[in-house]
Each structure stands twice: as C-alpha cells, then as structure tokens.
Amino acid sequence: MKSIISALAFIILPAVCLSQSFINYVNPLIGTDRMGHTYPGATVPFGMVQLSPDTDTIPYEADGKYNGDVYKYCAGYQYADSTIVGFSHTHFSGTGHSDLGDILIMPSMGRLQMNPGTASDPLSGFRSSYSHSSEVASPAYYAVTLDDDNIRAEMTATMHAGVHRYTFPEAGDAHIILDMVHGIYNYDNKDVWTFLRVENDTLVTGFRQTNGWARTRTVYFAIAFSKPIKEYGFVSLEKQQVYRGFWKRFNQTDNFPEAAGKKIRGHFDFTADKDEQIVLRVALSPVSTEGAVANLIAEVPKADFDAARKQGEEMWEKELSKISVSMYDKADMVNFYTAMYHAFLSPTLYEDLDGRYKGLDQNIHTSDGFENYTTFSLWDTYRALHPLFNIIQQERNASMISSMLAHYDQSVHHMLPVWSHYANENWCMIGYHAVPVIADAMVKKIGGFDYTRALEACVTTAHNGWYDGLSDYMKMGYVPSETSGSSVSVTLEYAYDDWCIAQAIKSMMEDKQYNGLLPEGYRDILVEFEKRSKNYLNVWDPSIGYMRPRSADGSFRKEFDVLSTHNQGFIEGNAWNYSLYVPHDPEGLIKLMGGDRRFVAHLDSLFTMELPDKYFAETEDITRDGIIGNYVHGNEPSHHVAYLFNYAGAPAKTQYWVRYILPRMYKPSPDGLGGNDDCGQMSAWYIFSSLGFYPVAPGSDRYDIGSPLVKEATINLENGRCFTIKAINLSPSNVHVKKVLLNGKVLDRRWITHDEIMAGGELLFQMTR
C-alpha cells in the first residue's frame, strides 16, 4: 500500500467501541524542557516532516572537543530558551544524540539580516525573542508570535510537507530567510553541499547533503510561496576557494536563479500589506527535487493552510482513537494521550508518494507491497514501542519490518539495522535489536512480511563475527572486556536477541502455515540459539552476585564498582541495573540470585537505596530526573524491572512500584519526562503500564500484569474487535490488585496472552489498598 493512500485519502475515523475526541488532551510541549528531548512543532502520525522551532545554534564542537551543551538540543528546542532561530523541517523525537534540522525558514521585517545573531542579543540577527504566553502547540499545529517584528508564525504539516503561515503586522519590507547552514548537532564541516534553484517567482527547489550522524544524507525539497517573490539573493559563508571555475563572471548574490556551495543562506523579499499573510508550502523527498514537487502538488495543491491543518488533525484523531480511555483526573488523560502522540511520531515514512526512496546502498528503490520507514532507534523501541504496534499498528509495523528487511538486502555488511535513519546506518548503541522486533511479530502471527526471509536476516545478522565482539561471543560464550568497553551489556543483550531467534523458529515450527518454509538445518539453528541465549550465565560472578566484565583468559575484572555507570563494562547503566537484564529467563536469574526471598529483597533495595550523583556524573543520558533510588527509569535497560517481582511470587510489589513510577516519571508539564523519550519508548512504557500490563520479553506472546492507571480503556483492534480494560474501585491509594477476571473468569496467572487481547473481550481489575 503506497503512502499516497494514507496521505491523500479522505480521512474516515474507524468504527470504535467507545468514541470521543482526543487531540485536545495532547500537549506536545511535554518533554521539551530538560531531558525529554521532544519537539513541540507540527507533524502528522509517522510523517516525514517535523516542522518545529529551533531555539539556539549550539555547535557540536567547542575548542576542538565535544561541546556538552549541544546535548540539550537533540530536538532543536529547549523550553527554557527565550529566542527562536527559525523553523526547520526535520527533527528526532526524544533521542540522546542527534542530526537533522534541515531547511530552516525565518520571517523578518525591515532591515535584512543574514546571520542568526545570539541568544543574548537577538536583535543582532534574524532570530527573535518570543514568549510562551503566545505559544500554541497541538497535534498538527504550532503557532507563536515572534516578538521582535510582531510576526505571527503558524505551522502545520502533511505526510511529506510542512506548511507555514506568517502574518505580517505592518506594511513594509518583508523577508523570508532560508538558512541551509543551520542544523542540529552542527559543526563546521557538516554541510557537504547545498544546491538551490529559483524555478520561477513562486517556486524554489534544491537539496542539502550533510555528513553527520548519518554520514551520507541528502534531503531534497521544493518551496512554493503564496505571493510572487519581489527580489531574492544568496550569500555564501564558506571561505573563498582558489578554484571557482567560470561562475565568477556572474554576480550570484542578487537575483541570480541558482546557488551552490557548502554554506548557503538565501533571502526572498516581498512588500507586505498590513496584516498580510504569506503561506509557504515546503515538501521533502528522499529522491529528487522532482519528487518533492510531485509530493507538494499532490498533498498541498493550494496555499490553504486551514485545510492542511484540518486534515492533519483528522489524521491524529484517527490514530489516537485506537485506544479510548477514561482516567482518574484530566492530568492523567493529558499524560496518556501525549504518550500516544509521542509513540506515533517514529519511525518516520521515508518514500515519495510513488513509493520511491533512497536505499542504504544510496541507490533509488521502489517499495513493493509495503511503505518504507526510517528512524529506527531499535535499542530503545524493541522493548515496548514495537510490541505496542503489534496490538494497535499491525499493518504499519509489518511495513516497518519490511523496511528493515530492505535495509538488510541493501547492506554490504548483510546486517539488519542497528540504529538507522535517512538511508544510513549510524551504528549507535549495541545488540542486534531488529531481531526482537521481527521475532515478536512472528510469535504474535503478524502478517504482511516474509517470515522465511526475516528468519534468514536474523540468523545472518547474528552470525556476523566482525560486528562488535560477535566472533569472541560465538567462540567463548561472552564478549571479553578487551574487545568492548560495554562487554557485559553486549553479552547480555546478545543472549536475549539470540533467545528471540529461537522463539521465531519455534513459532514457525508450531504453525502449519509456516513450518514448511523453515530453512534446511533449522533444528541445528534452534539448538545453537537456545544455547547462546544462556550466555548471560558466563558474565555472572557468584562471588559478588552481579554481572561483571570478564577477560579473554576467563578471569573477572578486579577493579569494579557495581554502582558506577562509567567505564565498568556497561552502556548507559551500572551493574546493579544491568544485572537484572535477563528478560527472557527471569526464573534463571532469580535462581542465580538465591531464590525468591533474596531476589525480592534485592529488588526492594534497588528502589529504596540512595545513588549519589557521582556514580552517573559522566553519563549524560542519566540524570537525577529519571532516578528512583538506584532504579533508572530515565533510560531503557531497567524498563522491565518493576515487573520482575511477579516472577518471585511478589506481584503486590510489582503493582506498588509501577503505580509509584507512573506519576513521578510522567507529568503534564514541559519538564514532565524523566528521561529522553527515545523515539516513543518512554511513552510506550507509560501506555502499557497505564493499561495494566507490559511486555517483559518481546518475542514471547505474554504481557505481565501490573496495576492499571485507567478506570476504563478500550483498545480498538485492526481486526474489528475491541479489548476492554476496567478497574473497579480505582483510586490513587488503591494501587493493589485484589482479583483479575478475563471475560468474567478469574485469571489464575500473572499474565495475559497476545491472542487473548486480539480475540477481544474484557479484562477486569478489582482494586484495593
């Protein structure tokens, strides 16, 4: 199914079991202050355009070193800032590293200024002061008044285009600045090349190529102005080259219809009437300027801002209606639907309306039977976001998996994506976590992709010995500390991923539809990966009761601190938290730790002990905002931990701690997220936990019971059925579950299955203190 269907078809809300309006509960400003790293601007669900304000120009580099201040600007916007540099069209949501910030637009009046100025002196450039009192952020809409020129700026979006509307308060000289130098995580040589063409007096096209987190990334665009351009010009900020060819014969700065270089800014000038509105339609393409123009004509054929906004809001209403909830108070409703909103921002569509996209091999491909997606933050999102999609976004998740398989086909390394965006693998983080995304879908019988090809891709990826210690891991059963600074984390995550491959094989063996499609020697492959799934045992040090780095000679590291997150063999975590990362074998972990009683006491102390700041001072992804005791909710490796009490016979403690975490790590305010939202993973944890269950081990068909925050919820399934959750006697103090009934029968286990959800029905919680 091509993206033209989702982008242009008349939006029809699905028949739902419980219908109401949801977009008014969404606050895109949540997470824009401090650690959330979300953006407040306009976008549509999984859209290719994220049109949002950028509030500063902090560079990645300072004095030849990494500039730690840039970390705050992963989404381009920080709520505490008082100026806006402009509005760019591409942003990540909630990441802890960054890129993008392409094609920045900024309106101004009066004297033309072609540099952004500084935050301390905004009048020195084209940036502007602003106030949150004039700011409006809602699904598919953002607006703010740029105080320096009193210009009202409004944004909306379609799947492939951003639409700007600027209201100029007085008659006079008006300018639209096009900044092709600006970017997020920018540095001096990031811009490889920029090319611009003024096609006529209302259309500008071009592309930008950068070398950043994605080292070979090209964005094509087309800009249509609602008013003919009066004058225009370009400036180049790069050092003049000795060789300039024969272009030097022309004055390329004023009204010359073509510009090229590494650092280009343009200005487009108009004579504005009082209160005149100028609308810009900016379409993107991964393929060509021709593709960008086609996307623009198809999605926003006219400069009708209100129509584009209405369509975007309807798209959001449709997606948010997949789960209807009633909560104890409005603040919880805002948290829930903002989490839904954030969960539906990534991954992002990456193809033109005709299905063409740039592949990992930098060639042009056409999607066949799927939509092509990018922005795969898999170390984060395999845990809860993709499992959530397997309930409420099945068709889309199948397209995402097909996109991963296309990545594998185009990979010279024969690898599934690790962390990929914009036709690039950026190799961020560890493991091969496309595997659990694929295995989870296979175990849950999600259709729409080739299971045989998917299994081949998983096995081949897991056999790539050159990758991150895998050769040693396959030979020795663990990654030695000499091979990787994150050797323990890598070993633990490989073991889990390997278990997922075994589950995928088992699911095919058990299904008549697929068991004839298994590869030759599949039983040997199953034995191999079942054995590899136990490799977590090889980094367990029984003398201290924690996972610990191990040398190639088999000895455990001597100098070792179980609380420190820096240089201890773990990535973004410490031994306390990471030693609990055996989601596929909690029973085995509990046995290692001395049985139920000792394990429960150990988990209790995790939540109640004190972790001094010095232990995470050198890890920028962990701050006090996201910590409860020594439990780090602000980062992903511990997201399953509160549910482990279930496996040690203490479900009341799972219920208590889940309900304790929810209001402390999620608040309806700009600083309301306890850590990076990480492309929706933090939000997916909230959604699942609020509903009363959570996928501890994706790749399994079970969801562990917790304690619901919803009074009632209805999940509107793609198969036309509804699954309803009700919590009787729910209150802020009634956090424990007295009894659970599934379809009127007492549930005598601490989990429900995927098939039970997909069959429709009712899950009833009887709550008590």
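1. Strand β26 (residues 419-421) and β27 run antiparallel and are joined by two bridges. Two strands count as paired if DSSP finds at least two bridges between them. Ser420 lies across from Glu425 of β27. Helices (H or I, at least four residues) and strands (E, at least two) are DSSP runs, numbered from the N terminus.

2. These strands belong to an open three-stranded sheet, ordered β25-β26-β27 and paired antiparallel. β25 (376-377) and β27 (424-425) are the edge strands with a single partner each, so one side of each has no neighbour in the sheet.

3. On provenance: this is a predicted model, in which local features need pLDDT of at least 70 and side-chain atom pairs count only at pLDDT 80 or more, while totals for chains, interfaces and linings use all residues. Residues are numbered from 1 along each chain as its sequence is written, and side-chain values use heavy atoms, with hydrogens and water left out.

4. Confidence, given as pLDDT (the predictor's confidence in each residue, from 0 to 100), has a mean of 96 over the protein, and 98% of the residues reach 70 or more. Residues 1-16 stay under 50 in pLDDT; for this stretch the model has 40 contacts beyond four places in sequence. Contact here means heavy atoms within 4.5 Å.

5. Overall, the protein has 18 helices and 39 strands. Its radius of gyration is 26 Å, close to the 27 Å that the globule rule gives for 769 residues, so the protein is as compact as a globular protein of that length. The radius is taken over C-alpha atoms, and the rule is 2.2 Å times the number of residues to the power 0.38. The C-alpha trace spans about 80 × 60 × 55 Å along its principal axes. Of contacts between residues at least 6 apart in sequence, 71% join residues at least 24 apart.

6. As for burial, 65% of the 769 residues count as buried. Buried means under 20% relative accessible area, exposed over 50%, and partly exposed in between (1.4 Å probe, protein chains only). The accessible surface of the protein comes to about 27200 Å², with 50% of it belonging to carbon and sulfur atoms. These areas come from the Shrake-Rupley method with a 1.4 Å probe; for residues, only the protein chains shown count as cover.

7. The largest nonpolar core has 230 residues, and Phe87 and Phe693 have the most contacts inside it. Helix α11 (residues 487-509) gives the most to this core, with 13 residues. Another core lies apart from it, with 14 residues, including Ala161, Val279, Ala292 and Leu296. A nonpolar core is a set of buried Ala, Val, Leu, Ile, Met, Phe, Trp, Tyr and Cys residues joined through side-chain atoms within 4.5 Å.

8. Strand β10 (residues 151-157) has six of its seven residues buried, so the strand is largely enclosed by the rest of the structure. On one side of the account, β10 pairs with strand β9 (residues 141-146) in the antiparallel sense over five bridges, and Glu154 of β10 is the bridge partner of Ala143. The β9 and β10 hairpin has four residues between its strands, and Asn150 there takes a positive phi near 55°.

9. β10 also runs antiparallel to strand β11 (residues 161-168), through six bridges. Ala157 faces Gly162 of β11. The hairpin that β10 and β11 form has three residues between the strands.

10. In strand β6 (residues 104-109), six of the six residues are buried, so β6 is largely enclosed by the rest of the structure. Leu104, Met106 and Ser108 point one way from β6, Ile105, Pro107 and Met109 point the other way, and all are buried. Six bridges join β6 to the antiparallel strand β12 (residues 172-179), where Asp179 stands opposite Leu104.

11. Some backbone points deserve a check. Ser346 and Pro347 are joined by a cis peptide bond with omega about -10°; Pro347 lies in the loop between α4 (330-343) and β21 (348-349). Asn255 is not a glycine, yet has a positive phi of about 55°. Asn255 sits in the loop between β16 (231-236) and β17 (258-261) and is partly exposed, at 36% relative accessible area. Thr375, also a residue other than glycine, has a positive phi near 65°. Thr375 is in the loop between β24 (373-374) and β25, and counts as buried at 4% relative accessibility.
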